[in-house]
Amino acid sequence: MKCEVEEIDKCNRKLKIEIPLGDYQSQVNAYYKKLSHQVKMPGFRPGKIPQSIMEKRFGPEVKQEVLTLMVSESINQGIQDNHLHAIGEPSIVEINAEEGTDITVTANVEVLPEFSAPDISKLEVPLKVPKVTDEQVDQTLESYREQKAVNETVTDRGIAKDDLIKIDFESTCDGKPYENSKGEDYVVQVGGHLIGGFDDKVLGMQIGETRSFSLTLPDDHPNKEVAGKEVEFTVTLKGIQVKKLPELDDAFAQTVDPKKNYETLDALKAGIRAELEEHHRKQARVEAQKTLADKLADVSSIDVPEKLVQEQIKFMVNKEKQQDAAGHVHEHQTDHVTLTDEDQKKHREQAMKLLQQELVINKFSDELAIEVSEQELDRELQVFMSLLQIKDLKKMKQEWAQSGALLRLHNRMRRDRTLEKLLDQVQLQEEMVDSADIKKDN
């Protein structure tokens with residue numbers, strides 16, 4: 001087989017392929033031989049039917065089948081031999097297959113263009129690191145105190161705000177009980193998530209006291225049977241506890257993190273501040289990655305294959321429709337999207353930018369030999385398993401592989417890793433800023 005490649009433009013190639021007549025005839029003969037074992041004819045054993053008889057009966061179908069197969073294989077071989085990064089299926093322009101002559105095929109192939117990764121050594125990228133405030137340190141200290149809090153029983157007073165109370169209760173609506181209308185040893189915090197007005201009704205109750213009262217439940221109450229209706233409650237108080245927080249002193253600091261072994265409260269505060277600063281810096285680098293990705297598209301002039309542009313616009317249109325419908329976006333649904341002139345006008349520029357961005361990031365990924373191992377992918381999947389309450393990793397991987405989600409996760413991890421590496425190659429303009437300013441910018 002001979003294959004000549006003609007460059008139409010940076011994203012399109014024309015393949016001119018010549019299939020020798022001898023190769024075609026050999027394939028036809030082999031097809032007849034295989035077919036003779038599969039068909040039944042009176043007077044002939046399987047595999048012993050003369051080819052001349054087979055030709056009379058199946059000739060046109062066999063020649064068409066072999067020709068179609070050889071044309072497809074030769075185009076794919078031409079693409080592979082010439083190291084073309086084809087986009088989608090080739091389009092066959094012409095097939096010349098006259099009897100007794102070599103077969104010639106002409107096909108057009110859309111390809112990813114060849115390009116070099118840009119020099120980003122002088123590219124300036126802002127790195128806005130939020131300052132750690134005393135308030136943030138104090139909030140973290142309070143969260144540690146909450147973790148170390150203990151509940152103490154109270155017996156010498158009635159219910160007060162923020163108490164933890166244990167109660168038995170019964171309730172009726174229209175004189176009848178309803179689902180979950182009764183409970184024993186029910187523990188709840190006063191001023192927490194009780195039904196509006198319930199707190200006020202039980203304030204001051206003493207242990208052992210029973211109190212009856214009515215409340216009109218809110219219209220958005222989860223139990224539709226009683227939502228918006230008046231309900232009669234009978235409540236018996238069985239116990240009161242208060243949450244006691246530890247004192248903020250050196251002794252408390254020594255209990256927070258045995259591994260870091262803080263000796264004093266000041267050391268604990270310094271450690272919290274350092275951890276918050278590290279967290280803020282990591283988040284700042286994530287934002288810098290996004291900025292860098294945008295800038296990579298601006299400094300890269302890449303001709304993007306039209307097929308990719310149209311698919312990206314379809315995805316964007318589909319995403320827009322799904323968001324309007326408060327649904328989820330699925331890539332495979334783009335097959336059913338018909339683009340209008342308005343869609344093209346609205347999304348084309350952004351689609352081009354996004355594709356240029358991804359192409360140049362992929363180029364850097366290849367040049368930096370960025371890889372994501374199976375173990376790293378599994379660790380990331382385990383995070384999703386915990387969130388989605390899934391226990392079978394193997395089954396989850398199979399399902400995600402079929403839906404394409406596994407490939408997207410792999411690509412996202414490779415992309416993030418590439419951008420993190422690229423941050424070391426650019427001019428990072430570090431600036432300490434107030435968190436409020438970052439929120440305002442966002």
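**Entry 1, the whole chain.** I looked up contacts (heavy atoms within 4.5 Å) and found that, among those between residues at least 6 apart in sequence, 68% join residues at least 24 apart. I note that this is a predicted model, in which local features need pLDDT of at least 70 and side-chain atom pairs count only at pLDDT 80 or more, while totals for chains, interfaces and linings use all residues. Residues are numbered from 1 along each chain as its sequence is written, and side-chain values use heavy atoms, with hydrogens and water left out.

I then looked up the radius of gyration, taken over C-alpha atoms: the chain has 36 Å, whereas a compact globule of 442 residues would have one near 22 Å, by the rule of 2.2 Å times the number of residues to the power 0.38. The C-alpha trace spans about 110 × 65 × 50 Å along its principal axes.

I counted 12 helices and 11 strands in the chain, where helices (H or I, at least four residues) and strands (E, at least two) are DSSP runs numbered from the N terminus. In a regular strand the side chains alternate between the two faces of the sheet. For E7, residues 164-173, I wrote down Ile165, Ile167, Phe169, Ser171 and Cys173 on the covered face, and Leu164, Lys166, Asp168, Glu170 and Thr172 on the uncovered one.

Two strands pair if DSSP finds at least two bridges between them. E7 pairs with E8 (residues 182-189) in the antiparallel sense over 6 bridges, and there Phe169 has Gly183 as its bridge partner. E7 also runs antiparallel to E10 (residues 230-244), joined by 10 bridges, and in E10 the bridge partner of Leu164 is Gln241.

Note on methods:
Buried means under 20% relative accessible area, exposed over 50%, partly exposed in between (1.4 Å probe, protein chains only).
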